[in-house]
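Dear colleague,

I am passing on the structure that I would like you to look through, and you will find it directly below.

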Amino acid sequence: QVQLVESGGGLVQAGGSLRLSCAASGRTINNYAMGWFRQAPGKEREFVAAITWGDSSIYNPNSVKGRFTISRDNAKNTVYLQMNSLKLEDAAVYYCAAGLFGTSEGNYYSWGQGTQVTVSS
């Protein structure tokens, strides 16, 4: 099973940018789709973005499309989430996941511990 560790979270002002990283170990991510999810306090975890092994990607159209970009570097066994024009409502714990391509949590069977993103006004 692949192990995932997220990093890059922190405090940023609204309108700013952050890049999250998800480093994988144990197995190569080459054969996995990779996804990012997030969970804000008091809310359910929601899909953010996903990318196939072939670099096709999808985004949550209601919240992040056009502002966030998911990418992967298979040679480094790492997935990234570039977040631009951050809004207060983007504040959440962000989770990286590996599994089958899609927007459902049930598609993914390996999860990281999460990294906190805080957005200030």
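Two strands are said to pair if DSSP finds at least two bridges between them, and strands (E, at least two residues), like helices (H or I, at least four), are DSSP runs numbered from the N terminus. Please keep in mind that this is a predicted model, in which local features need pLDDT of at least 70 and side-chain atom pairs count only at pLDDT 80 or more, while totals for chains, interfaces and linings use all residues. Residues are numbered from 1 along each chain as its sequence is written, and side-chain values use heavy atoms, with hydrogens and water left out.

An open sheet is formed by 4 strands in the order 1-3-8-7, with antiparallel pairing. Strand 1 (3–7) and strand 7 (68–73) are at its edges and have a single partner strand each, so one side of each is left without a neighbour in the sheet. On average, and with direction ignored, neighbouring strands of this sheet are turned by 15° against each other, where the axes are lines fitted to C-alpha atoms (for helices over the stretch in contact) and angles run from 0 to 180 degrees between N-to-C directions. Within the sheet, strand 3 (residues 18–25) pairs with strand 8 (residues 78–83) in the antiparallel sense over 6 bridges, and Leu18 has Met83 in strand 8 as its bridge partner.

Next, the disulfide, a term that stands for a pair of cysteine sulfur atoms within 2.5 Å. The structure holds 1 disulfide, formed by Cys22 and Cys96 with their sulfur atoms 2.0 Å apart. Since Cys22 lies in strand 3 and Cys96 in strand 9 (residues 92–99), the pair ties together parts that are 74 residues apart in sequence. The link of Cys22 and Cys96 is left-handed, with -80° about the S-S bond. Cys22 is buried at a relative accessible area of 1%, and Cys96 is buried at 0%; buried means under 20% relative accessible area, exposed over 50%, and partly exposed in between (1.4 Å probe, protein chains only).

Finally, two loop residues. Asn77, in the loop between strand 7 and strand 8, is buried at 13% relative accessibility. Leaving aside neighbours within four places in sequence, Asn77 is in contact (heavy atoms within 4.5 Å) with residues including Cys22, Arg27 and Ile29. Arg67, in the loop between strand 6 (57–59) and strand 7, is buried at 11%, and its contacts, with the neighbours within four places in sequence again left aside, include Met83 and Asp90.
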